Amino acid sequence: MVQENITVSFTSTQIAEFNDFAQGTIGPASTLFSDIPSVNKIGPAATLFADIASVNKIGPAATLFTDIVSLNKLGPAAGLSASGLESLLLTSDIIHCSESGQFNLDNLELYDSLVLRGNNQSETLVLKMFKVKVIESVVDRILLLNESNSVCINNDAGGLSTWSLPTPDIAGLTYTFVKTSSSGVFRIKTKDDSLTIVNSSGVSVSGIELDSIGSKLSVISDDSNGWVTYNSKNITSI
Amino acid sequence: MSDIIYRGENGQIRVNNLIITDKSGSGEAEVGANPSGSWTAKGFKTEYEAIVTNTFLFRKDSGKTYSNNGAPGVVQANLPSAPGPGVHFTFVRIASQSFRVRPQGSDAIIYSGGQMTDGEWLELASNGAVLSVVSDSNNNWIATIENGTLTEETP
């Protein structure tokens, strides 16, 4: 038997719901989501994106993400922070793309580790256009760990200035000292008097003085032996 | 945009083609650690170039090592003018030819022989000679590494 005519009945409430749904345009049309003021809880998990107050203009348009001030807990699960990105707060333009597609960063501070390398472990990465920090002081100064790789000079010094190397808890810290004032006395010691500097003759000494203008000393930390000289000219051990 | 930021198999954040700069892409920037720590740059290489003719160096060349490998005669590397502190270069003489490092007219080199006259060159006068210089804030180039024979323009 063939049923040729079917009659379906709706209640007035159901008709009203259909009318409300039709106010938005969901689907492949170019106006996709354009009429929805905010999107919360997108995705299969109830809490996904729960912390995003509103999402505007997601898609291929030029205005992509322009209205999002901050992103928290970005990723497929709330626990992403255990191994990756915990909170990316875009309070200003600190991450941006240049015209050539490079990934640009302003004011990068490192809290754990930064590894710079090529695409695989057999390749290397080029550091280029980089400067070193130059520290000028005419008075006593205690160097900090994050001043490693600095060049220290005593421009305009007229008297004794003593520069103290930090406690070498880790190996590989480097500092270079150059005497640029002809009248000042430029002395390098360790912050902890129990530690020593191995001079260019392999002798452990308590300190080193730069004798004349242009004289220089470069040291590297050895976490078991204090400080080791690897480059020097016209120095006197004290 | 292609896949420039992605996650490594061990959870690292990986980036292709990273430039650290200001927003315009033309200014100064800094990478560093907080005062109680330091950071290690490992597995990296710096730029190296053999120059066989007189060459002007720029701030953007900071960090480079230059040699005179293959030079048929005297080569002069002209340092940039008063670039502010921290710009640094290294020079190595390989060819048996004079290899000269010249600051601009109002800048001077300070090395173990003393402070030189503004604008005068310092020559790497023996094979294997090495000179590293870094700029300070007073229009000087400070020699941080010296090896071999160095000769001033006006001794």
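Start in chain A and select its open sheet of seven strands, ordered β7-β9-β11-β16-β17-β13-β14, with mixed pairing. Strands here are DSSP runs of E of at least two residues, numbered from the N terminus, and two of them pair if DSSP finds at least two bridges between them. Colour β7 (134-136) and β14 (204-205) of chain A: these stand at the edges with a single partner strand each, so one side of each has no neighbour in the sheet.

Before going further, keep in mind that this is a predicted model: local features need pLDDT of at least 70, side-chain atom pairs count only at pLDDT 80 or more, and totals for chains, interfaces and linings use all residues. Residues are numbered from 1 along each chain as its sequence is written, while chains are lettered from A and ligands numbered from 1 in the order in which they are written.

Now zoom in on β7(A) and strand β9 (residues 150-153) of chain A, which run parallel and are joined by three bridges. Pick Glu136(A) and you'll find its bridge partner in β9(A), Ile153(A).

Next, click on Asn149(A), in the loop between β8 (141-142) and β9 of chain A. For context, most residues other than glycine have a negative phi. Asn149(A) has 15 other C-beta atoms within 10 Å, so it counts as partly exposed (buried means 20 or more other C-beta atoms within 10 Å of the residue's own, exposed 12 or fewer, partly exposed in between, with C-beta atoms placed from the backbone).

Stay in chain A and select strands β10 (residues 160-165) and β12 (residues 185-190), a parallel pair over six bridges. Leu160(A) has Val185(A) as its bridge partner in β12(A). On to strand β15 (residues 207-210) of chain A, which runs antiparallel to β12(A) with four bridges; here Lys189(A) stands opposite Gly207(A).

Switch to chain B, where the average pLDDT (the predictor's confidence in each residue, from 0 to 100) is 88, and 84% of the residues score at least 70. Its open sheet has five strands in the order β7-β9-β11-β14-β17, again with mixed pairing. The edges are β7 (55-56) and β17 (150-152) of chain B, each pairing on one side only.

Inside that sheet, strands β11 (residues 99-102) and β14 (residues 122-124) of chain B run antiparallel, joined by three bridges. Select Phe99(B) and look across to Leu124(B) in β14(B).

Last stop: Ala82(B), in the loop between β9 (75-78) and β10 (88-92) of chain B. Ala82(B) has a positive phi near 30° and is partly exposed, with 17 other C-beta atoms within 10 Å.
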